[in-house]
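Subject: Structure handover

Hello,

Here is the structure we spoke about.

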Amino acid sequence: MKPTLFVLAAGMGSRYGGLKQLDGVGPNGETIMDYSVFDALRAGFGKAVFVIRKDFEDDFRRNILSRYENHLPVETVFQSVDTLPEGFARPPERTKPWGTNHAVLMGKDVIKEPFAVINADDFYGRDSFAVLGKALAATAGMENTYCMVGFRVGNTLSESGTVARGVCRVDDNGYLAAVTERTSIARINGRICFKDDNGDNVFLDENTPVSMNMWGFTPDYFAHSEAYFKKFLRDNLHNPKSEYFIPLMVNELTTTGKAVVKVLDTTSRWFGVTYREDRPGVVHKLRILTDAGEYPQQLF
């Protein structure tokens, strides 16, 4: 059974100023998502599922999904702030989405095989999909054995500003011990650092693995996520800024011993449109990769 690619595409991209998911940055107007789907296809994935908001379904189907016809099966699911477990209702003050792991839960009825979770607006690179696809193919029929692609932090920085990354601590056997969200990561005077809770600079080695929200799960992850979401809501329902993030769920599973997460190394260099100023650089990099033959002139 081939793994499924699950694309989180419900965000607006507030720092970027628009629907990044529909922005054509490739030589022929390709979106970053197009490259992810293309890389996933050649890495052995068999289906793509997109979680989007209902209000831009028509644009999404017309401008994005139509490209993949005759290439692979695609499905859409919808994330809404009102989609909550039985017994819970959205408080009137809640307008912010419930977070990435809430988005993942939207796929529970259509994904029955090992699956990868990625962001729609991140370029992950060919090697990362090859590594993840191979690992997921080996988990068919297994439970509670997950994986994530640990990008080398030096390959994930933006030239336009600081970035936030999930900095990973890995045990001696290559499994995730903890992932901690760090903000204001940047290269300063040739060294990579972030600011800790006291505002002091903490330096990171170039090859420190970080999460770029590229995960590999088996379908049992949905049951864990549903159960823990109820606990999250009981604790945070009336906190309008709380979010149910994937690392929150993963940390819960790994620290309680319910699951293990293998950290996969990749040589891929991440890039994306975190800031509007990033766009010209992304266009340039995709042109270089296309001219070098890494991607065909026409993806689909």
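The notes below go through the findings by topic.

This is a predicted model: local features need pLDDT of at least 70, side-chain atom pairs count only at pLDDT 80 or more, and totals for chains, interfaces and linings use all residues. Residues are numbered from 1 along each chain as its sequence is written, and side-chain values use heavy atoms, with hydrogens and water left out.

**Salt bridges**

A salt bridge here is a side-chain nitrogen of Lys or Arg within 4 Å of a carboxyl oxygen of Asp or Glu. The search of the whole structure finds 16 of them.

Arg-62 and Asp-59 form one, at 2.3 Å from N to O. The two sit three residues apart in helix α2 (residues 57-63), so about one helical turn separates them. Helices (H or I, at least four residues) and strands (E, at least two) are DSSP runs, numbered from the N terminus. Arg-62 is exposed, at 51% relative accessible area. Asp-59 is partly exposed, at 31%. The cut-offs: buried is under 20% relative accessible area, exposed is over 50%, and partly exposed is in between (1.4 Å probe, protein chains only).

Asp-82 pairs with Arg-90 at 2.6 Å, N to O. Asp-82 is partly exposed at 48% relative accessibility. Arg-90 is partly exposed at 32%.

Arg-187 and Glu-206 meet at 2.4 Å, N to O. This pair links distant parts of the chain, 19 residues apart: Arg-187 is in strand β8 (residues 176-188), and Glu-206 is in the loop between β10 (201-204) and β11 (209-217). Arg-187 counts as partly exposed at 40%, and Glu-206 likewise at 34%.

There is also a network: salt bridges link Lys-47, Glu-75 and Glu-113.

**Arg-94**

Arg-94 lies in the loop between β3 (74-78) and α3 (100-105). Arg-94 is buried but has no salt bridge; Glu-243, the nearest side chain of opposite charge, is 5.8 Å away. For charge, Lys and Arg count as positive and Asp and Glu as negative; His and the chain ends are not counted. A polar atom of the Arg-94 side chain is 3.0 Å from the backbone oxygen of Asn-239. Leaving out residues up to four places away in sequence, Arg-94 touches Val-81, Asn-239, Pro-240, Lys-241, Ser-242 and Glu-243. Contact means heavy atoms within 4.5 Å.

**Ser-160**

Ser-160 is in the loop between β6 (145-152) and β7 (163-170). At 30% relative accessibility, Ser-160 is partly exposed. Its side chain makes a polar contact with that of Asp-278, at 2.6 Å. A polar contact is a pair of N or O atoms within 3.5 Å; within protein, one must be able to donate a hydrogen and the other to accept it, and residues adjacent in sequence count only if both atoms are side-chain atoms. Ser-160 touches Tyr-275, Glu-277 and Asp-278, not counting residues up to four places away in sequence.

**Helix α1**

Helix α1 (residues 32-42) is mostly covered, with nine of its 11 residues buried. Among them are Ile-32, Tyr-35 and Phe-38. Gly-44 follows α1 and has a positive phi, near 100°.

Best wishes
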